[in-house]
Amino acid sequence: PGAAAARFALPPAALILERGVVPPNTAVYSLDPECTRRLHTDEPVPPTASHALVNAYAFGGNNTSVVIGRS
């Protein structure tokens, strides 16, 4: 189950690295003023790293983590 969950999360991560664009997060309606992390809510931005970490959690504690990178 964990591998199946990761299988659905991997293509978007690979596309972000391949195309060099992180899509905006439309689910964020208001930002916490005390949050120091920048959330991309309005426009796509370039990724700031050359690798992506995909974590997938499935039933019964079956967890999968995969790191992918671009050259």
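## Surface, fold and core of a predicted model

The accessible surface of the protein comes to about 5,700 Å², and carbon and sulfur atoms account for 56% of that area. This is a predicted model, and buried residues make up 15% of the 71 residues in the protein.

In its secondary structure the protein has one helix and two strands, which follow one another from the N terminus on in the order α-β-β. The protein is more spread out than a compact globule, because its radius of gyration of 14 Å is well over the 11 Å that the globule rule gives for 71 residues. The table gathers values that describe the protein as a whole.

| Property of the protein | Value |
|---|---|
| Radius of gyration | 14 Å |
| Span of the C-alpha trace along the principal axes | about 35 × 30 × 20 Å |
| Distance between the mean positions of the 5 positive and 5 negative charges | 13 Å |

Among contacts between residues at least 6 apart in sequence, 45% join residues at least 24 apart.

In soluble globular proteins, nonpolar side chains tend to be buried together. Here the largest nonpolar core has five residues, namely Ala13, Leu17, Ala52, Val54 and Ile68, and at least two residues of this core are supplied by each of α1 (2-19) and β1 (51-57).

Which residues does Val54 touch, not counting those up to four places away in sequence? With that exclusion, Val54 touches Ala6, Ala9, Leu10 and Ala13, and also Thr64, Ser65 and Val66.

Notes
Residues are numbered from 1 along each chain as its sequence is written. This is a predicted model: local features need pLDDT of at least 70, side-chain atom pairs count only at pLDDT 80 or more; totals for chains, interfaces and linings use all residues. Side-chain values use heavy atoms; hydrogens and water are left out. Helices (H or I, at least four residues) and strands (E, at least two) are DSSP runs, numbered from the N terminus. The radius of gyration is taken over C-alpha atoms; the globule rule is 2.2 Å times the number of residues to the power 0.38. Buried means under 20% relative accessible area, exposed over 50%, partly exposed in between (1.4 Å probe, protein chains only). Contact means heavy atoms within 4.5 Å. Accessible areas come from the Shrake-Rupley method with a 1.4 Å probe; for residues, only the protein chains shown count as cover. Lys and Arg count as positive and Asp and Glu as negative; His and the chain ends are not counted. The place of a charge is taken as NZ of Lys, CZ of Arg, CG of Asp or CD of Glu. A nonpolar core is a set of buried Ala, Val, Leu, Ile, Met, Phe, Trp, Tyr and Cys residues joined through side-chain atoms within 4.5 Å.
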